[in-house]
2 protein chains.
Amino acid sequence: MDTLNVFDFLDRIIALIKEENVLNPQETDRVIEYEDPEDLKIKIDFSLTESCANLDELEAICRNVIKYSIKTNSGKFHNQLYGGTDLFGLGATWLSESLNTNQHTFEVAPVFTLIERSVIEEVKHVVGYEEGDGLFSPGGSISNMYGMVLARYRLFPETKTKGLSGLPTLVAFTSEEATHWLGIGTDNVIKIKTDDLGRMIPEELERQIVLNKSKGCVPFFVNATAGTTVVGAIDPLDEIAEICNKHKLWLHIDACYGGTLLLSKNHRQRLGASHRSDSFAWNPHKMLGAPLQCSIFITRQNNILHECNSASAGYLFQQDKFYDVSYDTGDKSIQCGRKVDGFKLWLMWKVRGSVGFQSLIDNALDCANYFKNKISKLEGFRLVQKNFETSSVCFWYIPANLRGKKEDEEWWQKMNNVAPAIKEKIVKSGKLMVGYSPLLHRGMYNFFRMITTCHPVPTYSDMDYVIAQIQHFEKAL
Amino acid sequence: MDTLNVFDFLDRIIALIKEENVLNPQETDRVIEYEDPEDLKIKIDFSLTESCANLDELEAICRNVIKYSIKTNSGKFHNQLYGGTDLFGLGATWLSESLNTNQHTFEVAPVFTLIERSVIEEVKHVVGYEEGDGLFSPGGSISNMYGMVLARYRLFPETKTKGLSGLPTLVAFTSEEATHWLGIGTDNVIKIKTDDLGRMIPEELERQIVLNKSKGCVPFFVNATAGTTVVGAIDPLDEIAEICNKHKLWLHIDACYGGTLLLSKNHRQRLGASHRSDSFAWNPHKMLGAPLQCSIFITRQNNILHECNSASAGYLFQQDKFYDVSYDTGDKSIQCGRKVDGFKLWLMWKVRGSVGFQSLIDNALDCANYFKNKISKLEGFRLVQKNFETSSVCFWYIPANLRGKKEDEEWWQKMNNVAPAIKEKIVKSGKLMVGYSPLLHRGMYNFFRMITTCHPVPTYSDMDYVIAQIQHFEKAL
């Protein structure tokens, strides 16, 4: 396989991306060409062998990879909190992947180091932190873990050297799943009751703090969410900040989904008290459409990111360099190498400006609002809650044969099967991808969760299409 | 900014990558165009504003990003354990970034799910595991953390729910820096003495295990390294496995760097006992040249990855889907979403075959060997150790004015400044990037660390060039 062929392959990849409409799926293109796993194994030979494929075989493989992959850039994909990619961000990844370097030192990433700094400064500004620090991480779970680890370190700096053994039981108030990695058992993770819009009830939080203290446990971390995974609820940040202040608890805001709203003057007040938090996580790869992965963690506290995480590994991060080594970020991070994820957001920001971001966000929310208003007047559709706070519109679809019946347990059991059954039909038709979920702790059976994101730029017509597909596939039940 | 412009931008990015030789730097191209951070801020406007850039401005920005970034695809980059990128892997990332999806469910990543499975199965086969499980993670630190978390879970499954509070002090034998996140304090991380090739001394390991048990601590995890960061040492895996077996300790092998050797029949015996480990981490983004990030974690134990990490979050990973949900990997992972990193390695493997990988690896090691043999005969060069085990050749360069002198503390203090001083000159000239490091725990002052990787495919002439540059820049001291 000589050099010429490799460059030829790169050209073919670009040609394929264009020919197959990967970035601009057409109205007639399917969002998915569904095959069961066992059938897909027949369509594509996944095995790895001793021998090599030639360029034509490789092209055929890539064509099949495209054919059977989900077209998230299609206006028919509303299945996740992310959607398609901002194509300017995509161009940035093509370039940064070609430059193939890591974020850990200025030495190997001079431009990307200053870009990360610039983006972090701007995000701190948007959130309202006057001081502090931050970095890009490989996703929301890890960004949230940074918050929890710093919270613990502030209260018990000796955990860094002594570990958790011998400490009292630490208690966190969060719905975060990754706590067990950190040695905080899931029993010590208290979920706080929510109101009928899915928002944490501040009085419940305070009651739990007092209760857990009285048991001899040590509360150390409160996670407020701005944009919950299912209904997109935004917790009452100001009241929670007040309670954290009173009890001297670290307040982390998981704004992985909802943080994007801060970039729109028309919607940012929903996260108005963000600046009162100690740390904040935001995933521009969700609503804003930065290519996956793009997650930011910031903290209002100076130096703590370095103090908590530095290993002072002289063999990794030499201190006798000829430049100012405070530009090296490797000792702040739990990872040694990090992808240069900041570049794509930075380039998107450069080309669109805050103004451009705002109009994309406003459009996504306007479409969500249009969708909500429309289904609220249509027979068979029932909103899970009257208002949405991020861009998630949740609703039940009641098929004709269940309408007007007594809504007893048996009726709900039937309703519970409706969303999965319609989804199966829709997905197998290739016409649409939209998610569903129950919220069992709120006594709610399966309902649809319709998400709008900034990319591909949604339209009212896309919204109408979703409604029409659900109505159409009811008949196939 | 309309759609047409975006596609125009993508074409310009591809054109720029070609025009600026990003993927094939020429002999006359610099590996780095060095500017101090403050100067670089003048060359590139890093600020983010309200307003938008137009396409021409954007192109100019990208041209500068390229100009001042490191050319890791140049034959002059030997600074890190990674180097340039396998261009077939790069093509894979261009495609997968365009498809913009996550690895967490079969639903949104049908092809990439089966690809990850196929690669994990093949890697298990190469390592010699007959059973087990695995996944791609965002880098070596996190892959190694997976090993430590599983080890702890096997010994004390209750840590998942109860946390570490109330447990005896757990002790790990590793040089891993990230332990404090997991609630294992750095004081409880025991570094084992090494021999004069930098390899863990098994008798020392056993002595420490017994000693720590006698103190009332509970050893639970041994990390053996196959390819240490500085000298590339490979620990005596068979003897360490024997000790772990005797004391019933989890053996994790950090083969992030050295794991690539397993793909060459000529070199794989150096990691011959890998199959005796309980878990194994390997970064194909290091020597093999998969685009960053590409890190694999596998374990020989069945089910434990799921049992330990599952959160059973019904709202994330619905169980009432119409396909076999055992294909969904989200509940095995500490991350909710994961990049589809497996695809690039899979495509590289498809096109090159095991046979192609072997010849690339053999060539990289042959060049390292050529380099080592050549400098061992040259005046002024002194090897840190006679043999290398992975692809790291470490050496001191003794400038003419220090040769033949008494090698006392003062002499070594002077020597300690040589590598940083030569490096500064070389980097500022743009001619070469090569790393240096001390190994203070072995009493060694700064020496050069020369790394060869599979990409760009190194040649003897590249090796001669490195030697000539170091000799040349001695004169500029």
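1. Ground rules. The model is predicted: local features need pLDDT of at least 70, side-chain atom pairs count only at pLDDT 80 or more, and totals for chains, interfaces and linings use all residues. Residues are numbered from 1 along each chain as its sequence is written, chains are lettered from A and ligands numbered from 1 in the order written, and side-chain values use heavy atoms, without hydrogens and water.

2. Two helices. H8(B) spans residues 202–214 and H9(B) spans residues 237–247. Helices here are DSSP runs (H or I, at least four residues), numbered from the N terminus. The two pack at about 20 degrees, with axes 9 Å apart. Axes are lines fitted to C-alpha atoms over the stretch in contact, and angles run from 0 to 180 degrees between N-to-C directions. H8(B) and H9(B) are therefore roughly parallel (angles under 35 degrees).

3. An aromatic pair. Phe106(B) and Tyr323(B) are 5.2 Å apart, centre to centre, with 55 degrees between the planes. That makes the pair tilted (rings pair if their centres lie within 6.5 Å; planes under 30 degrees apart are stacked, over 60 edge-to-face, the rest tilted). Phe106(B) sits in the loop between H4 and H5, and Tyr323(B) in the loop between H10 and H11, so the pair ties together parts 217 residues apart in sequence.

4. Burial. Phe106(B) is buried at 1% relative accessibility (buried means under 20% relative accessible area, with a 1.4 Å probe and protein chains only). Tyr323(B) is buried too, at 6%.

5. A cluster. Tyr34(A), Phe106(B), Phe322(B), Tyr323(B) and Tyr327(B) form one aromatic cluster.

How values were computed. Angles under 35 degrees count as roughly parallel, over 145 as roughly antiparallel, 65 to 115 as roughly perpendicular and the rest as oblique. Rings of Phe, Tyr and Trp (its six-membered ring) pair if their centres lie within 6.5 Å; planes under 30 degrees apart count as stacked, over 60 as edge-to-face and the rest as tilted. Buried means under 20% relative accessible area, exposed over 50%, partly exposed in between (1.4 Å probe, protein chains only).
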